[in-house]
Amino acid sequence: MSLSRKRKKELRRLQHDANQLWENQQVLVGHAADVAREAGRQLGNINREQVVPVIQDAYNRRVAPTVDRGVQFGKHVVDDKVVPIVGGVVGSALTAWDVANAKRHGVSAPAPRGAFGKKQKSGPGLGSVIAIILGAAAAVGVLYAAWQTLRADDELWVADDPLSAPDA
């Protein structure tokens with residue numbers, strides 16, 4: 001298909017205009033990326049200076065006391081309810097085991113220990129340790145969620161590399 005000189009000239013001018021438009025768009029996109037990057041940096045500054053202190057204050061006033069109450073309640077339940085019951089059941093089972101073994105071997109059974117033979121426990125109980133671990137895990141989860149929400153996501157911005165113009 002042959003084109004007239006006039007049409008060829010018009011097509012070259014149109015291709016030149018399209019290339020010029022493409023270059024202008026690349027410059028504009030580059031400038032928009034710079035503005036967005038600066039906005040992200042400013043958002044990070046505002047986050048550090050304004051948002052984080054408010055969140056920390058709210059956490060210290062509202063969440064920390066609730067977690068502390070939960071830890072205390074968990075410690076109370078485990079130390080004062082669960083441990084004595086489980087200890088009593090295990091102690092009774094071991095006493096029954098000792099009596100059964102003694103009868104089987106024809107030896108008199110040892111007398112079970114009373115309250116005087118108990119050793120005073122020291123340190124935090126199992127419930128306290130579990131409650132502390134759960135509280136720490138909850139705090140880490142809250143901090144991670146806040147970090148994910150408030151961090152700048154640089155991968156969403158347009159690349160800085162100029163793209164070549166499409167050939168017509």
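Me: Which helix holds Y144 and W147?
Reply: Both lie in helix α2 (residues 126-150), 3 residues apart, about one turn of the helix. Helices are DSSP runs of H or I with at least four residues, numbered from the N terminus. The model is predicted: local features need pLDDT of at least 70, side-chain atom pairs count only at pLDDT 80 or more, and totals for chains, interfaces and linings use all residues. Residues are numbered from 1 along each chain as its sequence is written, and side-chain values use heavy atoms, without hydrogens and water.

Me: How many aromatic pairs are there?
Reply: The structure holds 1 aromatic pair.

Me: Why is the pair of Y144 and W147 described as tilted?
Reply: The ring centres of Y144 and W147 are 6.0 Å apart and the planes stand at 40°, so the pair is tilted. Rings of Phe, Tyr and Trp (its six-membered ring) pair if their centres lie within 6.5 Å; planes under 30 degrees apart count as stacked, over 60 as edge-to-face and the rest as tilted.

Me: Changing topic, which residues lie nearest the centre of the second largest pocket?
Reply: They are V52, I55, L143, A146 and W147, out of 13 lining residues. A pocket is an open set of points on a 1 Å grid over the protein atoms alone, where a 1.4 Å probe fits, with protein on both sides within 12 Å along at least five of seven lines; lining residues have an atom within 4 Å of a point.

Me: And which element gives the most to that lining?
Reply: Helix α2 does, with 6 residues.

Methods. Helix = DSSP H or I, 4+ residues; strand = E, 2+ residues; numbered from the N terminus.
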